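Some labels given to parts of a protein model rest on a number and a cut-off.

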Amino acid sequence: MKQRKITEKLHKTSNILPHEPLRQDISSPVNVSYSQPWMPGAYTSFKLLLSIRLCAAVWNIVGDCDETFNYWEPMHYLLFKKGFQTWEYAPQYAIRSYAYLWIHGLPLKLIHFIFGTNKVVLFYLLRCILAVCCSAAEVYFYKGICKHFGTNTGRITLLFLIMSAGMFISSTAFLPSSFCMYLTFISMGAWFLGKYSIAIAAVAASSILGWPFASILGIPIVVDLVFRRKKLTLFISHSLIALLVFSVPMVLIDYQYYGKLVVAPLNIIVYNVFTSHGPDLYGVEPLSYYILNGFLNFNLVFCFALVSVPFAMLVQYIVGIGDSDIPRWLALSPLYIWILIFFTRPHKEERFLFPIYPLFALCGAVTIDHVQKIWCYLFSQPVSGHYTTSTNWISASAGIIYSILGLARIVAIYQGYHAPLDLYLELNKISSDPNIHTLSPEKPVNVCVGKEWYRFPSHFFMPGDNWSLQFIQSEFKGQLPKPYSSGVDATKIVSPDFNDMNKEETSRYISSNKCHYLIDLDLPNQSDLEPSYSSQREDWKVISSHLFLDSSKSHRIFRAFYIPFVSSSYCHYVNYNILKTTKTKKSRH
């Protein structure tokens with residue numbers, strides 16, 4: 001008798017919990033299936049995503065010195081023959097590809113050639129281009145989710161992407177990991193849509209042109225194609241085509257710049273995997289570093305994502321939901337594979353998580369969707385319709401809490417750390433103000449940085465070709481970049497003052513007496529190499545200041561999440577300054 005009641009309940013619930021997710025074209029903004037909940041159409045989704053991504057293009061910070069010195073600066077050199085070179089671009093190491101730079105540099109070169117656009121405008125134009133590319137890739141991902149997982153999971157994922165602090169940070173960053181994130185959207189979306197050739201091409205492009213370690217995310221696709229679907233010929237043929245299409249142009253471009261045969265992705269793997277110092281020379285952090293970053297950037301969704309596979313499988317077993325075309329565990333496994341590999345490596349960077357940001361949103365949405373299913377099964381009376389009819393309050397509640405925390409994080413980042421971009425923008429005003437900048441227009445101008453070297457946003461913010469960033473000595477004892485040499489073969493020159501051990505090269509420094517302007521942060525902790533320059537009024541005069549968060553004196557919670565009328569009482573700010581030397585003689589005519 002008891003078994004009969006359980007069977008009857010499962011039978012009734014099967015009308016509410018469909019075994020197969022929706023399979024439809026979501027280009028229409030209206031719901032075309034009576035049994036499926038409403039969802040935004042592709043065009044509406046694109047507009048929503050693009051609005052947020054363009055906000056990120058304008059207001060996002062440059063949060064990683066690698067973005068500046070390994071990508072913005074070399075690209076500035078390609079476009080304007082001036083910029084910094086890091087050891088990664090030294091021909092004796094050659095672990096970076098110029099092909100990746102030209103993917104981003106070509107549209108800027110064309111725009112500058114036609115319109116002669118200001119370099120600051122070019123900087124933000126590239127960010128806007130990245131915003132458009134990211135939004136389009138996200139919509140493709142969204143379409144794949146709606147087809148494979150159902151519209152409820154799709155619309156929850158869309159919300160999680162829109163309101164994610166992590167996506168705000170990564171979507172317009174000029175980094176290979178962001179490039180790989182775009183292609184994760186495309187490869188996963190294509191896989192869910194059954195577009196296997198596109199999925200293979202996206203993984204190949206991500207691995208060859210972006211970051212070779214991103215190929216890890218293609219492992220489940222290979223398992224599905226080769227072992228489940230027995231499409232070995234398709235996989236091999238399309239992989240070979242993608243290899244030729246992406247690697248041959250890359251090698252040819254790099255040959256032109258390095259003057260020798262270079263396979264940059266292979267060099268990255270060799271350095272990071274097969275050298276004794278590669279994996280643990282930079283950014284060695286404990287496991288808690290990724291846990292903290294995951295929560296800050298995805299808050300509750302990060303926790304939901306980590307339990308998505310076991311929870312979904314448990315709910316499927318209890319409720320009796322059948323698997324779709326791709327088993328749940330396999331479709332969500334890329335997240336777990338990445339976590340297993342990268343969370344256990346000593347070198348940890350926030351950007352290393354960018355390629356799986358799409359998967360945090362998806363896996364978190366799958367967990368919420370299955371919470372709704374199990375709630376409907378256990379606590380709601382089976383009625384005709386969709387299981388979300390009586391459980392939308394669950395996804396709505398999770399979405400509201402997540403959105404509030406995500407927005408609080410975005411505002412906190414902007415308020416706390418946007419000062420460098422604002423300050424470097426002011427250099428353009430200073431250069432045209434004869435009351436401040438008294439040097440003749442053709443005279444070289446040195447803008448110096450000491451401890452604040454890693455917050456330089458790039459030479460795109462320098463007013464003219466005669467304005468240059470210079471380093472003065474600080475407590476930092478690692479290797480700083482150096483300006484590219486002059487001449488047509490500058491990228492081919494083997495310079496002896498580069499090393500791959502992050503050893504300090506003192507040739508990078510100039511004396512502070514040669515600085516016309518200085519960028520510095522007024523921190524309370526001072527030393528002989530990092531004094532308070534703003535206090536040295538006989539040598540320096542503060543021209544402009546912006547507030548910058550002093551994290552050491554601010555409350556952990558209130559500095560991480562902005563709470564109106566509260567955070568200001570618990571956060572301490574210091575001045576981020578442009579200082580002008582008092583020794584500059586007036587020579588402007």
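This is a predicted model: local features need pLDDT of at least 70, side-chain atom pairs count only at pLDDT 80 or more; totals for chains, interfaces and linings use all residues.

What follows is a set of questions and answers on the terms used for this model.

Q: Why is Lys81 called exposed?
A: Exposed means over 50% relative accessible area, buried means under 20%, and partly exposed lies in between, with a 1.4 Å probe and protein chains only. Lys81 has 59% relative accessibility and therefore counts as exposed. The residue is found in the loop between α3 (65-80) and β1 (84-85), where helices (H or I, at least four residues) and strands (E, at least two) are DSSP runs numbered from the N terminus.

Q: What makes the phi of Lys81 worth a remark?
A: Most residues other than glycine have a negative phi. Lys81 is not a glycine, yet its phi is positive, at about 60°.

Q: Why does Asn502 count as partly exposed?
A: The relative accessibility of Asn502 is 22%, and so this residue counts as partly exposed. Asn502 is found in the loop between β4 (482-483) and β5 (517-521), and although it is not a glycine, it has a positive phi of about 60°.

Q: Why is the pair of Phe149 and Phe192 called edge-to-face?
A: Rings of Phe, Tyr and Trp (its six-membered ring) pair if their centres lie within 6.5 Å, and planes under 30 degrees apart count as stacked, over 60 as edge-to-face and the rest as tilted. The ring centres of Phe149 and Phe192 are 5.2 Å apart and their planes stand at 90°, so the pair is edge-to-face. Phe149 is buried, and so is Phe192.

Q: How many aromatic pairs does the structure hold, and which kind do Phe123 and Phe461 form?
A: The structure holds 49 aromatic pairs. Phe123 and Phe461 form an edge-to-face pair, with 4.8 Å centre to centre and 70° between the planes. The two residues are 338 residues apart, Phe123 in helix α5 (residues 119-148) and Phe461 in the loop between β2 (445-449) and β3 (467-471). Phe123 has a relative accessible area of 0% and is therefore buried, and Phe461, with a relative accessible area of 0%, is buried as well. Both belong to one aromatic cluster, which has Tyr71, Trp72 and Phe80 among its members.

Q: What makes Lys119 a charge that sits over the ring of Phe80?
A: A charge sits over a ring if NZ of Lys or CZ of Arg is within 6 Å of the ring centre and within 35 degrees of the ring normal. The charged end of Lys119 sits over the ring of Phe80, 5.3 Å from its centre.

Q: How do you know that β2 and β3 pair?
A: Two strands pair if DSSP finds at least two bridges between them. There are 5 bridges joining β2 to β3, and these strands run parallel; one of the links has Val445 with Trp467 in β3 as its bridge partner. In β3, 4 of the 5 residues are buried, so the strand is largely enclosed by the rest of the structure.

Q: Why is Cys448 with Cys515 called a disulfide?
A: A disulfide is a pair of cysteine sulfur atoms within 2.5 Å. Cys448 and Cys515 form a disulfide, with their sulfur atoms 2.0 Å apart, and the structure holds 1 disulfide. With -95° about the S-S bond, the link of Cys448 and Cys515 is left-handed. The pair joins distant parts of the chain, as Cys448 lies in strand β2 and Cys515 in the loop between β4 and β5, 67 residues apart.

Definitions and conventions. Residues are numbered from 1 along each chain as its sequence is written. Side-chain values use heavy atoms; hydrogens and water are left out.
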